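I am opening a notebook on this structure and will write down what I look up, entry by entry.

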Amino acid sequence: MPDSRYCYCITPGRFLFRIQTGRDDIAQVRLHFRDKYIPVQFIDTRDSVLMKCVAQDVSHDYFEAEISIDVVCLRYYFELTDREGQTLYYSNCRFLKEPSEDNDRMFDLPQNLREVERFQVPEWAKNKIVYQVFPARFATTEDVSPKVWYKTPMDRTSDLKGNLRGIMSRLDYLKELGVDVLYMTPIFHSKSTHKYDTIDYYAIDPSFGTTEDLVELVEMAHNMGLRVVLDAVFNHSAPEFFAFRDLEKNWENTPYRDWYYTNGKPKRPKLRLVKPNYKCFSYFGGMPKLNLENDETARYFIDLALYWMRTAKIDGWRLDVGDEVSHYFWRRFRNALKAEFPEALIVGEVWHYAADFLQGDNWDSVMNYPFLNAVMDFVAEENISASEFLNELGFLRGNLNNACHSVLWNLLDSHDTPRALHRCGENKDKMKLMVAIQLLLPGMPFLYYGDEVGMTGGRDPDCRRGMLWDENRQDKDMFRYYQRLIEIRKQNPVLTEGDAQRSTADDENGVVSIKRGDLTLLFHGRSGTAQVSAGGVDLLTGEPFDGTLGSYQAAVIKA
């Protein structure tokens, strides 16, 4: 197909072409191309190049090729040869038995148009490591007793007095761990602990501190080489937000009627399970849904985002419930932010495959829940095979624009999910394997605070416990394991640059092998031992590798 997932500009004058075929159907694909406007009888511009199979999923193979061009418009088609040696041609969405010489029956590539539409992500963000903080529970400068701070299980309302100055006091810890980006869940004025029901988007919640505290935090982080990303809750507000409050009080004369989706004067339900007469997040009346198709509402929130970029010098936004807001708004949002802050990182929250938001005109990245699901299924739940795990990764590799792969937020857990260790049944070997997969593959590994010292916890709110600062409560071995993985990642750019040379799966033994440059990554997703044919030094242990993998063990073999 000729859409932007299958033919797009990488850099000016350099283009990627992609074609999806049936799994194991096609042995070879050749891309044929020529100048649209120069007749071949005058100057023969016809050329071709073999394409490479770069990924597979359960149903498809994905072939790619890159070429450099300098034309007004290119025409192209594909030559497909199956495993029995038969050849067909695919041109302008039709299969042909013979190659067409008619330019008008080929796929079309206007060069300037595609260059203008090029998907550009911030260079600073590529393959960096994100650390998520839940401000109310991460660190505090207040006097809080250990009994309160380390309460388990955690409830929704416990006040641990976490604040921005507490986070400032722990920035050295983040540097020691080796992360690159600090992401904080909402910090604006709200009555809740989680702050996803915002009352005033222009005010830091008093329990967290002040605008001056945020400015100082960001400056400190930047001086230490850390970037800072904030949470943008633009899908919904609190009922106490000025526009909704005016709707309730002045329904007949309010200027904010189009700021929300209401069916008459809003009536807040007294019971949690009663559906309100206005749209909201998950039918929860305490989070009325904003109408960002309304121009005034849209301008308010775009101006708000720009205000904090200018005031606090933050580096980007994570967009809460981003997939329930229109592409039209996100195009406006992106255009406004990138015009003034071209290196701003824009990451959407979405729990499913989201190629429609990753075309270069909405977001730079997403919270990569398909990655989380694949790792959990392979390691924690053990309900998919090694080859099925590679298929899940292959689907993303073959269907998303390559520009976004280096900035996908590859998470194992978050404030919205049970802790990864909890999902592993408290099996720390499983946890270590999942972390190795997360930190040794391309993308932006997304670490949830405390996982690196062995924090556990069930579903929200128990996953939002107080950070383990008491060293007697910390798993020091886990922390060192994280540190070593991060060191290996940063010392070996081959882990995150370019494609893997070879990926194989041993389903009988549950072993995934990925070859990248002079390194071989081994992930053993089952209990017991497995033998593999790989020799060299395991960078994780510093010892020669004897070919044996233990239960849920990862290895990084340098030949």
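**Entry 1: salt bridges**

I searched for salt bridges and found that the structure holds 44 of them. The model I am working from is predicted. Side chains of opposite charge can pair when their charged atoms come close.

I looked at a few pairs. Aspartate 44 makes a salt bridge with arginine 46, with 2.9 Å between the closest N and O atoms. Aspartate 44 is partly exposed at a relative accessible area of 46%, and arginine 46 is partly exposed at 41%.

I then took the pair of lysine 430 and glutamate 382, a salt bridge whose closest N and O atoms are 3.1 Å apart. This pair links distant parts of the chain, 48 residues apart. Lysine 430 sits in helix 14 (residues 428-440), while glutamate 382 is in the loop between helix 10 (369-380) and helix 11 (386-399). Lysine 430 counts as buried because its relative accessibility is 9%, under the 20% cut-off. Glutamate 382, at 29%, counts as partly exposed.

Arginine 473 and aspartate 470 form another salt bridge, at 3.4 Å between the closest N and O atoms. I noted arginine 473 as partly exposed, at 42% relative accessibility, and aspartate 470 as partly exposed, at 28%.

I also noted a network of salt bridges that links Arg18, Glu64, Arg397 and Asp499.

**Entry 2: lysine 289**

Which side chain of opposite charge is nearest to lysine 289? I found glutamate 324, 4.6 Å away. Lysine 289 is buried yet has no salt bridge, because a salt bridge needs the nitrogen within 4 Å of a carboxyl oxygen.

I checked what else lysine 289 meets. Its side chain makes a polar contact of 2.4 Å with the side chain of asparagine 235. The side chain of lysine 289 also reaches the backbone oxygen of glutamate 324, at 2.8 Å. I placed lysine 289 in the loop between helix 7 (242-249) and helix 8 (295-312). Leaving aside neighbours within four places in sequence, its contacts include Trp259, Tyr260, Tyr261 and Cys280. Cys280 is itself buried, with a relative accessible area of 12%.

**Entry 3: proline 269**

I found proline 269 in the loop between helix 7 and helix 8. Proline 269 is partly exposed, at 25% relative accessibility. Glycine 285 is 16 residues from proline 269 in sequence, and their C-alpha atoms are 6.5 Å apart. Beyond neighbours within four places in sequence, proline 269 is in contact with Val274, Pro276, Tyr278 and Gly285.

**Entry 4: arginine 165**

I located arginine 165 in helix 4 (residues 164-168). Arginine 165 is partly exposed, with a relative accessible area of 33%. Not counting residues up to four places away in sequence, arginine 165 touches Thr141, Asp213 and Glu216. A polar contact of 3.1 Å joins its side chain to that of glutamate 216.

**Entry 5: cysteines**

How many disulfides does a search of the whole structure find? I got zero. Cysteine 9 is in no disulfide, and the nearest cysteine sulfur, from cysteine 7, is 9.5 Å away. Cysteine 9 is buried, at 2% relative accessible area.

**Entry 6: the whole chain**

I counted 15 helices and 28 strands in the protein chain. The radius of gyration is 26 Å, close to the 24 Å that the globule rule gives for 559 residues, so the chain is as compact as a globular protein of that length. Buried residues make up 56% of the 559 residues.

Key. Residues are numbered from 1 along each chain as its sequence is written. This is a predicted model: local features need pLDDT of at least 70, side-chain atom pairs count only at pLDDT 80 or more; totals for chains, interfaces and linings use all residues. Side-chain values use heavy atoms; hydrogens and water are left out. A disulfide is a pair of cysteine sulfur atoms within 2.5 Å. Buried means under 20% relative accessible area, exposed over 50%, partly exposed in between (1.4 Å probe, protein chains only). Helices (H or I, at least four residues) and strands (E, at least two) are DSSP runs, numbered from the N terminus. Lys and Arg count as positive and Asp and Glu as negative; His and the chain ends are not counted. A polar contact is a pair of N or O atoms within 3.5 Å; within protein, one must be able to donate a hydrogen and the other to accept it, and residues adjacent in sequence count only if both atoms are side-chain atoms. Contact means heavy atoms within 4.5 Å. The radius of gyration is taken over C-alpha atoms; the globule rule is 2.2 Å times the number of residues to the power 0.38.
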